[in-house]
Amino acid sequence: MADALHATPAPAAPPVPTLVIEAGRLSQNYWRDLWRYRELLGFLAWRDIMVRYKQTSLGVAWALVQPLITLVVFTFVFGDIAKMPAGGVPYPLLVLSGLLPWQLFSSAFSGASGSLVGNANLISKIYFPRLVVPMSALAVALIDFLVVCALYALFALWYHDLPSWHVLLLPALILLALLTALGAGLWMTALTVKYRDFRYVVPFLLSAGIYVTPVAFRTDMHPNWRGLLALNPLTGVVDGFRWCLLDTEPTFYWAGFITSLLLVAILLVTGVWYFRRMEREFADII
Amino acid sequence: MDAAPVITVENLSKRYTLTHEARHDNLRDTLTQGVRGLWSRFRHWRAAARAQDEEFWALRDVAFTVPRGDVLGIIGRNGAGKSTLLKVLSRITEPTTGRITLRGRVASLLEVGTGFHPELSGRENIFLNGAILGMSRAEIRRKFDEIVAFAEIEQFIDTPVKRYSSGMYVRLAFAVAAHLEPEILIIDEVLAVGDAQFQKKCLGKMGEVAHDSGRTVLFVSHNTAALQAICRTGLWLNKGRVMQTGPINECLSAYLASGAEESVFVPVNRNKPHITSVTVDRTALATGRLRISVGFQSPFPLSRPVVGITLFSRYGQPLAGSNGRMLGERWAPPAAAAGVITAEIFPLPLHSDTYRASIFLGDAGQDYDVRHDTAEFDFISGNFYPECPPLQAIGSLDLPWQWTFTPAPPAPEPSS
């Protein structure tokens, strides 16, 4: 039997990596370690996706059910009852173009928030840069997002409202939505390890968030409120998505978008900072 | 070969804070504590120090070095700090003070099957678990067939592991870990699971890892036979401190000799003669002498008090038994209503293993109190056999075998 453990050491032994663990010092090479563990990140994401689609018999259909129902309700409530101005866009398409980033954000955010506690057994038994865990949670959200994207494509074809070249900038906005979710998710997941109460905060934030984010209405139709809405970092993302997909915005609302960018940057930097600060304790208190 | 130790641990301590009030896992506690803390600090600093927090040192001033290619067995009672030490060494948790230098890639196996997902198939779990343990995808792919063969699960490789028997599950998990190729391998009590046959295979694999490829292994186990078989040196921890380091047999003997363990019984019926205590003398045991003392009490004097002891192997086979009654006239203690009867065997002709004793108390005519499996002890034999077959195969008795060799008589000179 060819035994791997019998493998003779290479003739010129490569220099062995030396690691020093010292009290009170955050491990050096953290970011390099994170890069080295990128395969683990991929595997954890792949595991979550596999498990998700194996455990549910409807599989992909679930990713569609929720946005479809929200779409019908919002179109009815905001479009038909409240008669919000749509600016010439078919109302379902307007809602769907807002739901797309919202759905991506909310599933990435809730996935990242629950990720540490959900992987408690790994964290207490194996070392790896803990950032891998919330980051891998983003991947599942991305898969669900692609499913909803297909739904959007069908609607766009149906209404003959196809996006212009602006759609090429969509990946940047997807990234922005994911970074927003990561920044907020890092805060939540680190706080949840210490205070389990925060588990109840996430659904609350999401159920309130869908209304203060312009999912079901257009910000340019409510100029009085635009400044206030811009304080929600997702407003920039949603506006950006509409700009990419609908091509009906007269001008790109830069002030709002830059506010969003700044807020996302702050959220992300502080999120990473807090996460890294708490990381040392995770294994002891999880 | 460079002489620098692969692992250097200096002045290592790890403190946990035990909070006596409810742990702060809800926000309200922290908020109220915070407000209360401010308030009390406001009023003449009193009670500002949180008196209800108690410090607990899981490790205290631990220092040791491990040379390249060594297999270090870490021993100690539950709560001695063994697992904490492994967690600190594997970077799962941070030390409170001290410094560790590790020269080489570290892989740790603190649990069998960490990260296994029941819904995924054996194949998927091999990749997942390998990645979690630090293998690259290419490395796993290269060793895939070998892992499957080692685990003996070829025909179930695409079955979700939730349908595996516990034995198959453990075999697969260990197989993945056994194919890691780090310079330093850290293993916690993982052999406590699995059937004896597979345990033996794993021990063999670990021996190979250490002896043939010059890797350094840190190994925690309560299985003294396994420790003896694969470890070269030992580290005995007690209450977070290092008690002894050195050759594994010396450490094991010292550890096992520490503190005679006594089991005390609450009598079932005080109106009947009963056993009050059973003591196995650990100090004597470490020198190869089994000494079991049985205390008894009786509401009336026993004319000829008798104690019987039967030793059982770990697998429950009776090995040897004796009692005063079977000795006839040779056992003639005075009549007594209380006392201690001690039995000794020296040298104890058993292999290193865990043994149990069942004990009864009686008099010339009848048994009064029978206790099954009352005492359990780990025995380290002074005779060490480098290649000892499993004790289920050869039995637990280590009898004084004499081996001789007689050469064949020289062939008669061909007379022609």
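This is a short walk through a predicted model, with a list of what to select at each stop.

Before you click, note that residues count from 1 along each chain as its sequence is written, while chains are lettered from A and ligands numbered from 1 in the order in which they are written. In this predicted model local features need pLDDT of at least 70, side-chain atom pairs count only at pLDDT 80 or more, totals for chains, interfaces and linings use all residues, and side-chain values use heavy atoms, with hydrogens and water left out.

**Stop 1: where the chains meet**

Show chains A and B together. On one side, 45 residues of chain A are in contact with 57 residues of chain B; contact means heavy atoms within 4.5 Å. About 4500 Å² is buried between the two chains, with carbon and sulfur atoms giving 59% of that. Buried area here is the accessible area (1.4 Å probe) that two parts lose on being put together, summed over both.

Now select A:Asp284 and B:Lys14. They form a salt bridge, and their closest N and O atoms are 2.9 Å apart. The term stands for a side-chain nitrogen of Lys or Arg within 4 Å of a carboxyl oxygen of Asp or Glu. Three salt bridges are found across this interface.

Helix 2 of chain A gives the largest share, 10 residues. Helices (H or I, at least four residues) and strands (E, at least two) are DSSP runs, numbered from the N terminus.

**Stop 2: a pair inside helix 11**

Stay on chain A and pick A:Glu279 and A:Arg276, a salt bridge with its closest N and O atoms 3.1 Å apart. Both sit in helix 11 of chain A, three residues apart, about one turn of the helix. Are they buried or exposed? A:Glu279 counts as buried at 10% relative accessibility, and A:Arg276 is buried too, at 13%. The cut-offs are under 20% relative accessible area for buried, over 50% for exposed, and partly exposed in between (1.4 Å probe, protein chains only).

**Stop 3: a nonpolar patch**

Next, select A:Leu58, A:Trp62, A:Val65, A:Ile69, A:Val73, A:Phe76, A:Val77 and A:Ile81. Together they form a nonpolar patch on the surface, with about 740 Å² of accessible area. Patches are made of residues with over 30% relative accessible area and no salt bridge; like charges are joined within 9 Å, nonpolar side chains (Val, Leu, Ile, Met, Phe, Trp, Tyr) within 5 Å. Accessible areas come from the Shrake-Rupley method with a 1.4 Å probe, and for residues only the protein chains shown count as cover. Zoom in on A:Trp62, which is in helix 3 (residues 60-81) of chain A and is partly exposed at 45% relative accessibility.

**Stop 4: over to chain B**

Select B:Glu344 and B:Arg291, whose side chains meet in a salt bridge (2.8 Å, N to O). B:Glu344 lies in strand 15 (residues 336-345) and B:Arg291 in strand 12 (residues 290-302) of chain B, so the pair ties together parts 53 residues apart in sequence. B:Glu344 is partly exposed at 41% relative accessible area, and B:Arg291 is partly exposed at 26%.

Finish with B:Asp367 and B:Arg325, a salt bridge with its closest N and O atoms 2.7 Å apart. B:Asp367 is in strand 17 (residues 367-379) of chain B, and B:Arg325 in the loop between strand 14 (318-323) and strand 15, 42 residues apart.
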